[in-house]
Amino acid sequence: MRKIILCFYFEQCRRCHILDSDEDVEHSKESQKGLPLSELLSALGLRHLQGGKLTLSSVLEINSSTLYDLPPQGPKQVPWSFLKKFLMAHSNSRNIQCAQDQLLQRSSFTEDDGGCNLLNPLDLITALLHCADPFLQQKMVSKMSLCQFAVPLLLPNCDTQQSTLMLWAMRDIVKKYKSGDGRFVEGRIMEMDIPMVSFVRVGECSLPKSQFLNTLLSNHCQPNEAFIHHGMPCRHNPRGISDGLVEVSWYMPCGNDQIDIFKQPVAVANLRGDSRLFGAQVSFLCQTSAAVFIFSDDLDVDLSPFTNTERKAELYLVTNSKMKNYNMEKLEETCRKYNLKMECVIIRRKQNDSEFVNVLRFHVQSIVASYFVKPFFFDLADIAPQIGVLADEDFSECRKGRGIVEGITGMVKDIVGFKEEQLPLHGTMWRKISQLEKERCRMKNATNEHCLKQYRSSLIMQETALRREQHQRASSASMVCFLFGISQPKPERLYFLQWLKIQLDTLTRHDLSILRHQYKDCCNKNPQNKTLIKSLDEQIFNCSLGPEHFFRELGQIYECACSQPQDHPVSSEVHQLPDRCAQMLLDGFPVELVDGEASHISMKWISAVLTQLHQLVDKKSRMLVLTVLGGQSTGKSTLLNTMFGVQFAVSNGRCTRGAFMLLIKVSEDVRPELKCDFIMLIDTEGLRSPELAALDTSNEHDNELATLAIGLSDITIINVAMENNQERKDILQIAVHASMKMREVGKKPRCLFVHQNASNMSAHDKNMRNQNTLVEQLNAMTKAAAQLENKEADTKFTDVMKCDPDKDIYYIPGLWHGTPPMARVNHGYSEAVYDLKKSLLNMLKSDEVKCHDAIGFRNWTSSLWNAVKFENFVLRKVFDLREIDKMGREVMAYLQTCEGQSHSVSLQMMKGGFHSDSDAIRSSKQVFDYWSDSSYSRPGQYDQHPHPVRNAKSFEFIPPFMGGESPGPGAMSELSLVLLGGSATGMRAAGNIILGAEEFGRQASTHTSTEGQHSESRQREMAGRRCRLQTGSAVESLRRT
């Protein structure tokens, strides 16, 4: 039956179309009603989903087609195969075909074509958009834009003859460009004022319009295939339901005159089919475009639909002089009849395609340069109802969600001030509470003068006082609106959250743009004003606002209520908050696991959310956990987004902070194989963040995050960038330590190593060398870490983690192909990520991976977080410790050969040393023992060096030439040590190690380190000598010395 329907459908398409070189088809007015949408949907197995019943969550779920990489075996599998590649931003996703033995044959219809009858990709895209719900439509359009495909502006319905303006679908598209004056602009395409130029066909046309448009948007080294045309594979088939579709693509300049085709952004719209049949679309384009180019071979063409409307567009007529019916007199008569200027007539004479496109490009450049009234794309919504075009945002659920969001965003005048006033609970108070909670576990600042019990009691009192202060704060107006929004029924709730994300992202981008401009001006014009530069830097660091901040505030409301005495019962409204958040997880929204600002887990809140999640799914909550870990801006979020089609935040110009968890449903048919109901993805903050590098706690922060990421995961993806060798070593070292600590609790993590931006993928021998180098580095790190941890049995990295070097190391090429902002997603990137996804799913099917339900995951997270808080799992930076240890040994050996002499030694602490006093202090006793060891003697070969300098990034210590006078009998000789270095190089930590005590004060954890700006000096008697140790900036220390 399905084959009969398809045969009827394609026969109707054939009879009512005449193939031409441009649009593949020529429509006739009589056949307009002969191609029902419902017939094609039935043939593709989508009839039951018509009307927006195909949801984003159903497309993203893991099913049998996800697990098994098989080509579609019939027409009903084509849409799902297409969507799978489409949501991975695969540049070849528009190439559609079934398996060879199930191809649709059209030989019974045409005697001269014995080939395969494939769907026209435009028909398939149109059919899927009619079945998709608004959020899947938005996702599809975003992926199309990412691949530089043209996106639907007006979506036709051939059954109702009604078009829909796809405003909501385009809301999430973000574009960037750089103007000729060097101004960088980034924003959502709907909020940009970009002139639009439209191209239509009237009657027959021998010129390949869509192919010319692609060439128009391409430069000589970067081809653009935005519009589907006859010269592409599978495009010769007639369109059945996509005539009347208006697509739009954008050109964005990069600011380079040698590359840019247009000096400013321009939108190019393309109407499919004969424009005489689509009056509403023609009227819309004439009122919204700067110019309309009309392609036609008919010199008696009727242009009245273009001239009778309230048009604002300049009309251009494009024709071909090579046609037999070409007549210059008829052309001039047509121009006089419709008041067309002869300079607006473009005739193809003897030019080749490239020369003719240059003529078109010249006219478009002239139009864009002289067009000053540039409507915003969201202004199109005002024009659409006037000409009978529906808008996809003109629905009550969408309007209601937007209205609630505007009630929140209307309060935002300044982001930093808004967070302090409207979201106070998770700000300074929460950061203080998290610090007190960690200190209560670690007792780092306790001294001998304090009784530990009293000290702990004082910490508890401070924490209680802060909780009381939180509790006294009334809910702000913005939080009341937020709670109202997430309490709505599902459609309104989803619209509310998406609108909130979009509008807060716009506000953040606007404020960041202003702050960055001020920062740049200050650095260029007033560089000596360090105070202002530091203030702007802190504002940029704190200028972020998104839905996660509101959920973080919800978590603090819940934790604060649960921390009150028993005589303060928790209200029913507060009890419902975890249910709201758990529902967000099931809806596919990321939920914050680790607070990105306080580096803390709100464990009561997360426990309640996971408990509620377990109840919402009737206790069917078995989950496998997949985490990505790596350096900042190495493409971790993009990797997960491409692999699973999800949407971790990557487009707002700001990096992930903390860790976010997201659930993907596993369909019923593959649950027995995977032995789970969900796959949880955890996206983590980048390690070795430049913003945190100046803090004393940055190394501690990275270690905690790595421990949690690896400890919570069933499989961890270690993501590193190929071009940064030092960062790669740091990330691998942290991963090795975390894996070693997990082994202590009986868990051997499974890790995959992904090298991003790998060049020359065909060079297998080069990748083999890289693999061998990686294995050697991992083995060396494991051996060194094992020595410090007294675990000599661990000599290879495979002793502490599950990883097969031959199977679990992947090389992925760069994300972009071409020059941004017109670059598209690299085909090799999508293929490599797809291979990685298949390998991951095969690993998840293995019996080695044991999943937990939500309750088990909750309990394990709580136990692991408690261990981290007590610092049982905080990792050391092994090579820094080894260098300081060796420095201690060498200095002590040198001192023992210098009896009776006073001298000085300079220790130069370079960037990349200790980032945390706690890491250094932990080895102080070990280093002090080296100082007391009398078994070392001075090497004689060092005598020739007059100046002692120790570089903390090398293993050489060069003692000074022995000079000076011996002190008299009974006098104590003095050693003067000077630590030279800049900020965040660990001078104080190293000084405390050398002195064997915490003599130097701890530095406050501010955003910009002040270490090195002041000189400090301490004295201590050691090994029969008076040791004077001085830290500070190199210039100040040398002056004092």
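## Overall figures

The protein exposes about 42900 Å², of which carbon and sulfur atoms supply 50%; accessible areas come from the Shrake-Rupley method with a 1.4 Å probe, and for residues only the protein chains shown count as cover. The model is predicted: local features need pLDDT of at least 70, side-chain atom pairs count only at pLDDT 80 or more, and totals for chains, interfaces and linings use all residues. Residues are numbered from 1 along each chain as its sequence is written, and side-chain values use heavy atoms, with hydrogens and water left out.

Of the 1041 residues of the protein, 58% count as buried (buried means under 20% relative accessible area, exposed over 50%, partly exposed in between, with a 1.4 Å probe and protein chains only). The secondary structure comes to 37 helices and 28 strands; helices (H or I, at least four residues) and strands (E, at least two) are DSSP runs, numbered from the N terminus. Among contacts between residues at least 6 apart in sequence, 76% join residues at least 24 apart, where contact means heavy atoms within 4.5 Å.

Nine strands form an open sheet with mixed pairing, in the order 12-11-10-7-9-8-3-4-13. Strand 12 (345–348) and strand 13 (390–391) are at the edges with a single partner strand each, so one side of each has no neighbour in the sheet. Two strands pair if DSSP finds at least two bridges between them. Strand 4 (residues 162–165) and strand 13 pair in the parallel sense over two bridges, and leucine 165 stands opposite alanine 391 in strand 13.

Helix 13 (residues 353–370) lies across strand 7 (196–201), strand 9 (266–274), strand 10 (291–295), strand 11 (314–320) and strand 12. The helix runs at about 170° to strand 12; axes are lines fitted to C-alpha atoms, for helices over the stretch in contact, and angles run from 0 to 180 degrees between N-to-C directions. Strand 9 also holds arginine 272, which counts as buried at 1% relative accessibility. The side chain of arginine 272 makes a polar contact with the side chain of serine 210 (3.1 Å). A polar contact is a pair of N or O atoms within 3.5 Å; within protein, one must be able to donate a hydrogen and the other to accept it, and residues adjacent in sequence count only if both atoms are side-chain atoms.

Strand 15 (residues 623–630) and strand 18 (residues 715–721) are paired in the parallel sense over five bridges; leucine 629 has isoleucine 718 of strand 18 as its bridge partner.

## Backbone exceptions

Most residues other than glycine have a negative phi, and most peptide bonds are trans. Methionine 443 has a positive phi of about 55°. It lies in the loop between helix 17 (428–442) and helix 18 (452–472) and is buried, with a relative accessible area of 13%. Aspartate 618 also has a positive phi, near 55°. This aspartate is in the loop between helix 25 (603–616) and strand 15, and at 62% relative accessibility aspartate 618 counts as exposed.

A cis peptide bond joins proline 820 and proline 821, with omega about 5°. Proline 821 is in the loop between strand 21 (816–817) and strand 22 (824–825).
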